[in-house]
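I opened a new model today and kept notes as I went. The entries below follow the order of my look-ups.

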Amino acid sequence: MSPRLVGYVPGRSPLHQAHPFTALVLAGTVVVLAFALPAPQGPAALAVALAALALLAGLPRVLLTALGFSLPFWFFLAVIHGVTGESALRVLTVGSQISAMLIAFLLALATVHPARLVDALLQRGVPFSLAYLLSATLQAVPRLRRQATDIVEAQRCRGLRVRGSIWRRVSAIVPLAIPLVLGARGEAGERAMALDARGAAAPAHRTPLEPPADSIAQRIARWLLAAAAVAAVVWRIAA
Amino acid sequence: MSVLLEGVSFRYPGSDTDALHEVSLALRPGEVTLVTGRLGAGCSTLLLVVAGLAPHATGGTRSGEVATLECDPASRDGRKVLAGRVGLLLPTPWTQLSGMSVTVEEEVAFGPANLGWRRPRIAEAVQHAMERFGVTHLARRDPRTLSGGELQRVMFAGVLAMEPEVLLLDEPALELDPAGAASMYELLRSLAEQCTVLLASTDLDRVAAVAGRALLLDRGSLVADGTVEDVLGSDGAVATGCSTTVADIARAAGLAPGYPLTVSDAVQRMRR
């Protein structure tokens, strides 16, 4: 799987041009709505709507990635609960909730430019170290995924068999996980030194390179999304 | 004096030996100084100590006096004063990526932006640095998709865009092809006119023609400090593999120490 399947994908869709906070508020709202809306139709409709949004944004790969991540959940839910009667509704509810959340977050990752997110946070007076930490966290998944792919390839070249029986797959985890953890740790140390040397800890206030534009319409949209989330929670509690 | 070390020792956490032991030296602006030695000699550590990252980022203990641009680089005040004035290029370019840039241009601008420069100044510095390293055509590319050599040049441009007064380079040509390495070393000559350059390298065949001064480290101790010809042309340096191929051949041919370092040097001596 290409590293581009997770992480920022350049584009010109309205979602790409939206303020980073708008995309993040949308993702957060989806999480709340997925659990607060009546199930299973609520989360299922939410997943379908987000899928349509991803397609309109020209990001079909987001859907493929979400599918790749959510299929095992669907499978195990079906195995545990069964696929008939009430059980099927339970599977559909939980599966839709997971799928909606996955699509929302992958969509946010794909459309929020990490540097623009940092710029937006700096504009709001957030210290650079905190803004960078948030941005780096969002970037960590694709980076670790790339490293894991490299390690799998390297270990396979050295004769490690990572396919086959469950036992073989489980026993292959240690020689894959240890280099990944140690490599990530070493890389984090080197990256910290490089960032330090590049002025990341400088006393000056970092200059936002391209501060994202924020319109009144987007602010209203964010407030509406937040209000929708609150309303859904209140309705759920009252129901 | 740009850099002054007086009896500096450094030990990494958990180690029972010094990575640097009683090192004293002074670096002046306007020259390229090579620091070399065998594996584990302490060349990279020396750079980290001058930058203040050892012990600030690495941990460990340091003794002796270090003054980089007249500040202790590991002290809190020194780090504030030296931000952006000391540039450090590490050997692995992919670990130096900021992780928040989707274009090469933004990656190069990362350092200057951290220094709080105004946007027009950043744009000018980025353009200039990218032109010097011949990476202008990569400006809109995603840095994660570059080859190792391209990324090395981009990271070097990122360091240079901060307009440092002291430039610390750890194996800067590790990822470059022969032609790219040659042009990069050529660039060091002109950079040295504006700043102090300390270069840790084992690529001695190429560096010997660029550096004016050489430091030879052995297990953390400074064993030789002088002109490149004196240090790398010595019997000790050649015998331990810390010299050029030409010097190695000259020694094997039975010539007296003070071996020629480059082909042109050897040819000149033969003509005499």
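**Ground rules.** This is a predicted model, in which local features need pLDDT of at least 70, side-chain atom pairs count only at pLDDT 80 or more, and totals for chains, interfaces and linings use all residues. Residues are numbered from 1 along each chain as its sequence is written, while chains are lettered from A and ligands numbered from 1 in the order in which they are written.

**Chain A, overall.** I looked up the secondary structure and found ten helices and zero strands in chain A. Helices (H or I, at least four residues) and strands (E, at least two) are DSSP runs, numbered from the N terminus. I then took the box along the principal axes: the C-alpha atoms of chain A fill roughly 60 × 60 × 30 Å. Of the 239 residues in chain A, 33% are buried. Here buried means 20 or more other C-beta atoms within 10 Å of the residue's own, exposed means 12 or fewer, and partly exposed is in between, with C-beta atoms placed from the backbone. I also checked contacts, which need C-beta atoms, placed from the backbone, within 7 Å. Among those in chain A between residues at least 6 apart in sequence, 78% join residues at least 24 apart.

**α2(A) against α3(A).** I picked helix α2 (residues 20-36) and helix α3 (residues 41-56) of chain A, whose axes are 8 Å apart at an angle of about 150 degrees. Axes are lines fitted to C-alpha atoms, for helices over the stretch in contact, and angles run from 0 to 180 degrees between N-to-C directions. That makes α2(A) roughly antiparallel to α3(A). The cut-offs are under 35 degrees for roughly parallel, over 145 for roughly antiparallel, 65 to 115 for roughly perpendicular, and oblique for the rest. From α2(A), Val30(A), Leu33(A) and Ala34(A) meet Pro43(A), Leu46(A) and Leu50(A) of α3(A). I sorted the residues of this contact into six nonpolar, no polar and no charged. Ala, Val, Leu, Ile, Met, Phe, Trp, Tyr, Cys and Pro count as nonpolar, Asp, Glu, Lys and Arg as charged, and the others, Gly among them, as polar.

**The core.** Which residues touch the most other members of the largest nonpolar core? They are Ile103(A), Ala104(A) and Leu107(A), in a core of 139 residues. A nonpolar core is a set of buried Ala, Val, Leu, Ile, Met, Phe, Trp, Tyr and Cys residues joined through C-beta atoms within 7 Å. Helix α5 (residues 85-111) of chain A gives this core the most, eleven residues. I listed the partners of Leu107(A), leaving out residues up to four places away in sequence; Leu50(A), Leu53(A) and Ala54(A) are among them.

**Pro175(A).** I found Pro175(A) in helix α9 (residues 173-197) of chain A. Apart from residues up to four places away in sequence, Pro175(A) touches Gln155(A) and Leu160(A). Its C-alpha atom is separated from that of Leu107(A) by 32 Å.

**Chain B, sheets.** I traced an open, mixed sheet of six strands in the order β5-β6-β7-β3-β8-β9 (chain B). Two strands pair if DSSP finds at least two bridges between them. β5 and β9 (221-227) of chain B are at the edges with a single partner strand each, so one side of each has no neighbour in the sheet. β5(B) and β6(B) pair in the parallel sense over four bridges, and Leu89(B) stands opposite Leu169(B) in β6(B). Both faces of β5(B) are covered, with Val86(B) and Leu88(B) buried on one side and Gly87(B) and Leu89(B) on the other. The other sheet I noted has three strands, antiparallel and open, in the order β2-β1-β4 (chain B).

**A to B.** Last, I counted the contact: 32 residues from chain B and 30 residues from chain A. On the side of chain B that touches chain A, α4(B) gives the largest share, six residues. That side divides into 15 nonpolar, twelve polar and five charged residues.

Note on methods: Two residues are in contact if their C-beta atoms, placed from the backbone, lie within 7 Å.
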